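Please read the points below with both in view.

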Amino acid sequence: MGVRASVGSSAPAVPGATAWYERAVENIGAGIEDVSLSIEGELAPVGWAGRVALLLVALAVAGAAVSALFGAAGSHPGGAGPAGPTTPPSPDCPARDHLSPDANGTVREGVRASYDYTFLFVTSDGCRPVRFNPCQPVRYALNRRLATDADVADFTAALGKLAAATGLAFERVADTDEDPRAVPRPRRQPDGSFAWAPVVIGWSHLGTGESLRARADVKADPTAVVGGGGRPEVVDDVIVTGNLVLNLDAVSDVTTKVAVPHGFGAGVNWGRIMLHELAHVIGLGHVESRTSIMNEALTSQTLSSSEWGAGDLIGLRQLGRDGGCVSVPPVPPQGAPR
Ligand SMILES: [Zn+2]
């Protein structure tokens, strides 16, 4: 541990253990709780024609080791972690015992997620979650080329719920045609200036795995479908931007291939997926609790509606205004990715 891994770095801090916390981007297949599908590293290279279909497909991040993440997750479906529900954060070290099993991009084999909330990135002492500066708006841009109005409406509603839970302000900037898979996010902005880019959110057709490079688990269950993937980009212990891709091909039932419904009701729906992914973007990790949006298996969640659970809210508050301001690092003068 103690390794600082800027997500999106082309050189993983730990070979084979690159940060990809979304591993799966949430299998939404009924009864399948441990599908190790990940967007990351799984996309086959595509040419221009392929890009038409895969334009917004997914997060392309170097490295994999995805199957190592939460390796035991499927072996205890619904099992509560050892920590018990919603333990209050320690004032002197609030992140203690709440590190994601792959905190800071380092996969800790065999470590299970805390019960109630976890952080994807923590400061080197392990005590503070890495987060956006809550004292300025988090800027974001949509690539909505493939999105319907209903998709955007779900997203907007989910973002509102994130703002309410964190106290963060989100500022939408002009829509973009950027590929949200492109990380790190560009430092050179459209006007030629260098700045931390807005978070980019895009919708994709990820298909049912056929568009992914062959993996054993994909072959084993080609119907597994992922919902999306979101993650932050960290520089000097601060989240400076991030990206989110949502899979328009996601289904809520792999047998009937029912498309994921819109809204925030019971069961799997776009609201639930978006809440989960947006929480990742601001630094929240997976948990054991089934009454949490951040349980990685959507079908295991027992929340009666797609709203934050108690543990989610504790973690989100710490990632938001309650944690106070943080200093955003300057953008590298040459705009070089780092
Ligand atoms: Zn997740």
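Strand 4 and strand 5 form a hairpin with two residues between the strands, and within this hairpin Asp-236 takes a positive phi near 50 degrees. The model is predicted: local features require pLDDT of at least 70, side-chain atom pairs count only at pLDDT 80 or more, and totals for chains, interfaces and linings use all residues. Residues are numbered from 1 along each chain as its sequence is written, and side-chain values use heavy atoms, with hydrogens and water left out. Helices (H or I, at least four residues) and strands (E, at least two) are DSSP runs, numbered from the N terminus.

- Asp-236 lies in the loop between strand 4 and strand 5, and its positive phi of about 50 degrees occurs although the residue is not a glycine.
- Asp-237 is placed in the loop between strand 4 and strand 5; its phi is near 65 degrees, a positive value in a residue other than glycine.
- Asp-237 counts as partly exposed, at 26% relative accessibility. Here buried means under 20% relative accessible area, exposed means over 50%, and partly exposed lies in between (1.4 Å probe, protein chains only).
- Strand 4 and strand 5 (residues 238–247) run antiparallel and are joined by eight bridges. Two strands are taken to pair if DSSP finds at least two bridges between them.
- Gly-228 stands opposite Leu-246 in strand 5, and Arg-231 has Asn-243 of strand 5 as its bridge partner.

- Five strands make up an open sheet in the order 2-1-3-5-4, with mixed pairing. Its edge strands, each pairing on one side only, are strand 2 (170–172) and strand 4 (228–235).
- On average, neighbouring strands of this sheet are turned by 20 degrees against each other, direction ignored. Axes are lines fitted to C-alpha atoms, for helices over the stretch in contact, and angles run from 0 to 180 degrees between N-to-C directions.
- Helix 4 packs on the sheet and touches strand 3 (199–204), strand 4 and strand 5, and its direction makes about 155 degrees with that of strand 5. Contact means heavy atoms within 4.5 Å.
- Strand 5 pairs with strand 3 in the parallel sense over five bridges, and Ser-204 stands opposite Asn-247 in strand 5.
- Strand 5 is mostly covered, with 10 of its 10 residues buried.

**Helix 5 and its cover**

- Helix 5 (residues 310–319) is mostly covered, since seven of its 10 residues are buried.
- The buried residues of helix 5 include Gly-311, Asp-312, Ile-314 and Leu-319.
- Helix 2 (149–166) and helix 4 (270–281) are among the elements that cover the buried residues of helix 5.

**A buried arginine**

- Arg-131 is found in the loop between helix 1 (48–54) and strand 1 (138–143).
- Arg-131 is buried yet has no salt bridge; the nearest side chain of opposite charge belongs to Asp-322, 8.8 Å away. In this count Lys and Arg are positive and Asp and Glu negative, while His and the chain ends are not counted.
- The side chain of Arg-131 reaches the backbone oxygen of Gly-320 at 3.2 Å.
- Not counting residues up to four places away in sequence, Arg-131 touches several residues, including Asp-237, Val-238, Gln-318 and Leu-319.

**Salt bridges**

- Seven salt bridges are found in a search of the whole structure. A salt bridge is a side-chain nitrogen of Lys or Arg within 4 Å of a carboxyl oxygen of Asp or Glu.
- Lys-161 forms a salt bridge with Glu-307, the closest N and O atoms being 3.0 Å apart. This pair links distant parts of the chain, with Lys-161 in helix 2 and Glu-307 in the loop between helix 4 and helix 5, 146 residues apart.
- Lys-161 is partly exposed at 24% relative accessibility, and Glu-307 is partly exposed at 30%.
- Asp-149 and Arg-144 meet through their side chains in a salt bridge (2.8 Å, N to O). Asp-149 is exposed, with a relative accessible area of 59%, whereas Arg-144 is partly exposed at 26%.
- Arg-185 and Glu-178 form a salt bridge whose closest N and O atoms are 2.6 Å apart. Arg-185 counts as buried at 2% relative accessibility, whereas Glu-178 counts as partly exposed at 24%.

**The chain as a whole**

- The chain contains five helices and seven strands.
- Of its 338 residues, 57% count as buried.

Terms used:
A polar contact is a pair of N or O atoms within 3.5 Å; within protein, one must be able to donate a hydrogen and the other to accept it, and residues adjacent in sequence count only if both atoms are side-chain atoms.
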